[in-house]
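Trainee: I am new to this structure and would like a close look at one part of it. Could you take me through the pairing of charged side chains?

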Amino acid sequence: MKAVIPAAQDAVQAITSAVSIDGASWGRADKAKWPHNVTALLVFVAPTWMYINWLALEHYDASLLEAGRALFLQGPVQLMKHHFPQPTFAAFVGYAAWLGLQTALYGLLPGKHCFGQRTPGGHLLEYTANGLLAWAVTHGLYLAAAVTGMLDPAIMAKHWQGLFVAANLYGVVLAVLAQVKGYWCPSYPADRKMSGSWIFDFWAGVELNPRLGDYWDFKFFHNGRPGIVAWTLIDLSWTAYQYQNLGHIATSMCIVLLFHTIYVVDFFLNEDWYTRTIDITHDHFGFMLAWGDTTFLPAFYTLQAQYLARYPAYLSTAQSATVLVLGIGGYAIFRIANHQKDYVRSRNGNAILWDRPATFIRCNYRTSDGKEHSSILLTSGWWAVSRHSNYLGDLILAFAMCAACGVNHVLPWSYFFYMTVLLCHRVWRDEHRCHIKYGKKWEEYCAKVPYRIMPGVW
Ligand code: NDP
């Protein structure tokens, strides 16, 4: 049972942080320095970026260059006066119904009980992984309503502008609520971080795992449900939009839909594993995840489908086959690497990988309650190829998703560029954290597996 302590107690509670065997903190930064504050400016940059994407698709034939030029020539105020996404009552109602449905499915559907990674404060949190069922029920309802004529399958595409506004508003309100909750009634005080910078705390979050009651987890819910369930649903809606406008569905759209569906279904099939990834184990719940899950993810990860619905790419058979082989190959590396890590750790190292006993480095770390724990760093399978071979697979798949859109515009390639920056930055911050957490053992691991992502390159 977790303790929810009142605000008065919080005010005098010292910020605790998990420390490595050498005594250094390995949780999120205790004190914001200037680079943290610069990063936090993404609170303004990220929504502006999403606006420019919307603008380019809606008003400038998907040309980021033309949208940028209009911004420069007209200035932001004039441009926004002419072209700003408008709220609609129907979209607000639809969005509220969508959140209600996802909340009900999250709370009511049965699922496997699983545990995350031990937090810096020493907690081991329980989750109910019922996402696959929620995804299937949601898509089943959507398809049934579309087939029976109760719902226009292109409804989300046609109300995209209003939905974009509703999602943005919800994301911002959620981020503010998360901040207030973090200050006044944190779920797990030992895992809360206040860095001394309001803007950084707002961006990166105060609480690691905010919850309502024992089980309603803000992060787990918002990433999976309004975020990832929406991904393929929005794709389907833009596919229907393409069909209604062109009378056919282009192969490129089918390939994008296939890749996205594989990625999403994979996520839910392995939802238990997700509770032990960086999003859940390390990132706090602030604007980055609140607005990111509810607005950035549905708007940005579906960009290829939004683009193709209006500007279909027609690939030759050879091009389609190449893209498919690349994407499926990337996915295979991504999945196998992620599985190997989880599998070997769950068996405490007693496992066979690629027909040989798994090799690993045993290491210790300490949580803020002073207790020492043991862990392992895998040094065989894909984890001997590079220290983040799972990122390599993800990047290859991201490249294939974008390649399916052709080379006429930069906009649908944004996902690949973004993933490259995101994952390279992750390597940097994750390795920094692991170094502090495991000390000399991490150095030993780096010496054994010298490359970060791409063997022979970096
Ligand atoms: P990982 O699943 O790779 O987790 C990194 C953690 O694994 C480290 O912090 C460390 O944690 C542990 N670890 C590091 N090296 C080893 C090793 N050799 N053996 C065992 N454990 C090790 O990273 P992410 O959580 O970032 O990503 C998970 C997946 O999600 C990736 O495939 C990534 O590509 C994908 N992803 C996708 C995104 C998207 O938007 N599409 C965004 C981000 C990620 P510990 O403290 O437990 O030791």
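Trainee: Does arginine 426 count as buried or exposed, and at what relative accessibility?

Mentor: Please keep in mind that this is a predicted model. Arginine 426 counts as buried because its relative accessibility is 14%, under the 20% cut-off. Its salt-bridge partner is aspartate 279, and the closest N and O atoms of the two are 2.6 Å apart. This pair links distant parts of the chain, since aspartate 279 lies in helix α13 (residues 278-281) and arginine 426 in helix α19 (residues 414-438), 147 residues apart. Aspartate 279 likewise counts as buried, with a relative accessibility of 15%.

Helix α19 also holds arginine 433 and aspartate 430, which are three residues apart and therefore separated by about one helical turn. Their side chains meet in a salt bridge, at 3.7 Å from N to O, and both residues are buried.

For a pair in another setting, turn to glutamate 58 and arginine 310, which form a salt bridge with their closest N and O atoms 2.9 Å apart. Here too distant parts of the chain are linked, with glutamate 58 in helix α3 (residues 42-59) and arginine 310 in helix α15 (residues 303-310), 252 residues apart. Glutamate 58 is partly exposed, at a relative accessible area of 34%, and arginine 310 also counts as partly exposed, at 22%.

Salt bridges can join into a network as well, as they do for Lys112, Asp272, Arg276 and Asp342. The count for the model comes to 18 salt bridges.

Note on methods:
Residues numbered from 1 in each chain as written. Predicted model: local features only at pLDDT ≥ 70, side-chain atom pairs only at ≥ 80, totals over all residues. Heavy atoms only, no water. Salt bridge = Lys/Arg side-chain N within 4 Å of Asp/Glu carboxyl O. Helix = DSSP H or I, 4+ residues; strand = E, 2+ residues; numbered from the N terminus. Buried < 20%, exposed > 50% of the residue type's maximum accessible area, 1.4 Å probe, protein only.
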